[in-house]
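Open your viewer and load the model. The tour below says what to select at each stop and what is there.

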Number of protein chains: 2
Amino acid sequence: MKLTGNSLVAGKWLRGSDKIFSAIDPTLNCTLAHETYNATTELVDLAIAEANQAFIDFSQLSVERRALFLRTIGKNILNLGEQLIAVVHQETGLPKNRIVTERARTIHQLSLYAEQIESQEYLAVLSPAEPERKPQAKPDLRLGYVPLGVVGVFAASNFPLAYSTAGGDTASALAAGCCVVMKAHSSHPATSELVALAILDAIKACNIPKGVFSLIQGENYELSTRIVKHQFIKAIGFTGSERVGMILQRQVYEREEPIPFYGELGSVNPQFILSGKLIEQPKALAQLFVDSLTLGQGQFCTSPGVWVIMNDEQESYNKFINEAAYLVRETEAGVMLTPDIAQDYQTAVNKVKQINGVNVLAKGRVGSKEHLCAPTLFETDSNTFLNTVELGQEIFGSCAIIVACTTFEDVIKVVGSLKGNLSASIHANTMDRKLVTRLSQLLIHKVGRLIYNQMSTGVEVCAAMNHGGPFPASTNIRSTSVGNEAIKRFQRPICYQNMPEEFLPLNLHNC
Amino acid sequence: MKLTGNSLVAGKWLRGSDKIFSAIDPTLNCTLAHETYNATTELVDLAIAEANQAFIDFSQLSVERRALFLRTIGKNILNLGEQLIAVVHQETGLPKNRIVTERARTIHQLSLYAEQIESQEYLAVLSPAEPERKPQAKPDLRLGYVPLGVVGVFAASNFPLAYSTAGGDTASALAAGCCVVMKAHSSHPATSELVALAILDAIKACNIPKGVFSLIQGENYELSTRIVKHQFIKAIGFTGSERVGMILQRQVYEREEPIPFYGELGSVNPQFILSGKLIEQPKALAQLFVDSLTLGQGQFCTSPGVWVIMNDEQESYNKFINEAAYLVRETEAGVMLTPDIAQDYQTAVNKVKQINGVNVLAKGRVGSKEHLCAPTLFETDSNTFLNTVELGQEIFGSCAIIVACTTFEDVIKVVGSLKGNLSASIHANTMDRKLVTRLSQLLIHKVGRLIYNQMSTGVEVCAAMNHGGPFPASTNIRSTSVGNEAIKRFQRPICYQNMPEEFLPLNLHNC
């Protein structure tokens, strides 16, 4: 498939400006030959106007046709075959097996949302009329949902497929009946174009209005601002850093019409090890923790960044520490998604090193290539942690800090100091039962997912998942960006009163 | 019951400052003797700190105890008896039968939310483990909800019981497991104190932590700002004008931590009459419309303020117009809730009078008492309406403007120009069928409730109700402030992964 380097605007590949940009191959640390044209704000306006034009028609398609559209996108992504895998690898440095898994997840998400809108069960609340009720007759009331309109979606660097062009935000917005204007991530423009092509082919095959999806290429913040502030944009989906997320959030605040901003901004995903569990299996825990920490170079929003460990039983604590340090030292440095991300990682790690009371426990094997990043494990005590705000901040990559707590009250203080997180895990056994009860009662107010004896990495895509949490994990704490409930972000409730069946959506008809 | 004029802070009646204020009896147009002390920001801080302290304990009460607490509040409100009715009447000018109805609704809301949390059905999504799944085992996942924390609630002037101290926002927040810091409306301080007393008695009777509810009295904006910006406040419920609502919304934006702001800011609730229906019963429609317009002096957020009527059949249109004008002229001027509201009404009506192309169709009977307000009916054509932004803005009170449309395309243009509304009604018969289809398809994107052949006034409190809608009807378009779903505003999802049953909330246990 030959790539144009253009943006996709309502079915047409348009150039926008003559200003080009190129992605970097992070494995080889060199600029890729493929050139992409920066879109313009005029192109953004056109994409949004076309989406707005297409919205009423698209939102009224039968759920069967919308479901078919989603599944066809999935099929077309699979049909991109080896070219897609190769391009993603080139642009992100992710290993090919990981890319294959992520592709499968992306297709699964599309078909999950297709199934969900087909079943429609979650949509109907019927409250029949009671014409004889005194003092006043009760009208027939039916609660349904309407799609919000045009949704702006921002692609994530760390999920080039599952949270980019046809990723979770796009899939759930389309499933809801919304049109999507996608801002591609500038670190993987060729990947984005390939997937947009898969969407365009599905649009054609399913005879869907072309304005339903546009892909804006560019590395210019102006384009993002234009999307966020446009009057026709009715919701925003974003996955990325707290810094960029809050820039967009503030732009949303400047709008005349408030709209929901679904920003998933990351998290330190604290892991708690209680004494009973630590005594039982210190070495196995160390293996579990380091595996999770170093998975995918720690480039997950669920990477475990803070390990809160009881050290009242010194021998077991030391066993854990020594084993974890050993395993980290044995781990090779690896490729990060972009040179900027690698640089940010190194800078953040160096900052932590200089904090009084923080000890570098272990660093992975640094190869000869300087652009690779090694995992890092720090250790500190709970007092230092509580007195140093920086230690509670996320470092994107394979870096964790162990917070040693002499007493359970220290653990509780650490919990009190935590900001909102996507997840936390409690590692415990029956000896720890009472403490688990107390810890859970506090942790539920700090996280979107509470885990027992498992690591936080690995997010199941299903109806019971919640991938969100108190700020800054999420800017919209009542929403999840993963799983069935994600669709609801792009719909709002509507009540039909006394409405004849012929004017009602099918799912609100009498059974 | 003797009133203190103080604020209620976590079980204690505290004065705050020595600065007093008094409410006005709008019927007699005189200042009431009862004096209330303005709270201070220190008192607000104390109330919020106590609420935050009480939160973990209160949120962990069994649903049975929380339900009992809600029902006890309702019982205590009823037990306030005639004193409450008399005080509300004095402070608001509302007729006693309306107050009795509103009291019943308030008690119904409390018991509805009690029932809902007892049933708990809506809470559980269980997704069992699949340990044998390849390539990876699937963990056990259970989706539940946690209360947000301390909620700030602002009372409404037009619902001194149902959307004030123990009104819908308070009831749904308490049902969700949140603590409430309530800013009383300064137009009905004695009403607020009486109801707060009912809540305090319920707190004592049910042995609930006293910090769970505080009532802040005052007419000082500083108190509101303090509530909205406080770090322990995790959500805001507000019912009131767009002007005040947007002041609070902007203060929410200035917070470090974004929180949901549930502002229900009102609406013009457009009524559409299509030709078939108009021809069928012009006079009966006029009666229906004027009854709804003049109900409770039009002091409802669902009062019908814009009537869009096809006038292609001139004779029926004239019959409607003449009858409606006659009925409005026959209606006596009445008491509005406060002198400020009455003044705002008169000013807004006078402004509309001066707009070119707007015709005063009828004005109600102005009595000798100048502080009373007469209903007003204006008429204009669709072009004038489309070209005059002011005509699309809500006038709080019994004022409506008829927008005459020569063609259905004019109707569609009027729909396009509408901002978000709580509701809209379509008045039609089988002759209008095709037009209803098209009109509904567009109106669903402008309203939170779409009604057929009924007026918008009267909001049923039930599971299928939605009382919200696109901005400015609501600042948080995915939420309703009336009905069962209102509880969800004050909870967020949480996923429990691999968690033993003993640490799970009861509703997430295996059946």
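**Stop 1: the two copies**

Select both chains. Now pick Tyr253(A).

A word on the ground rules. This is a predicted model, in which local features need pLDDT of at least 70, side-chain atom pairs count only at pLDDT 80 or more, and totals for chains, interfaces and linings use all residues. Residues are numbered from 1 along each chain as its sequence is written, and chains are lettered from A and ligands numbered from 1 in the order in which they are written.

**Stop 2: where the chains touch**

Select the contact between the chains (two residues are in contact if their C-beta atoms, placed from the backbone, lie within 7 Å). Chain A gives 52 residues and chain B gives 52 residues. Strand 21 (491-497) of chain A is one of the elements that supply at least two residues of the side of chain A that touches chain B. Helices (H or I, at least four residues) and strands (E, at least two) are DSSP runs, numbered from the N terminus. The largest share of that side, six residues, comes from strand 21 of chain A. The copies meet through the same surface, because 100% of the interface residues of chain A are also interface residues in chain B.

**Stop 3: a sheet across both chains**

Stay on strand 21 of chain A. Three bridges join strand 21 of chain A to strand 20 (residues 447-452) of chain B, and the two run parallel. Strands count as paired if DSSP finds at least two bridges between them. Zoom in on the residues. Cys495(A) stands opposite Arg449(B), and Tyr496(A) stands opposite Leu450(B).

**Stop 4: domains of chain A**

Colour chain A by domain. The automatic or database domain assignment gives domain 1 (7-124 + 147-265 + 474-494) and domain 2 (271-452). Their centres, taken over C-alpha atoms, are separated by 33 Å. Twelve residues of domain 1 of chain A are in contact with twelve residues of domain 2 of chain A.
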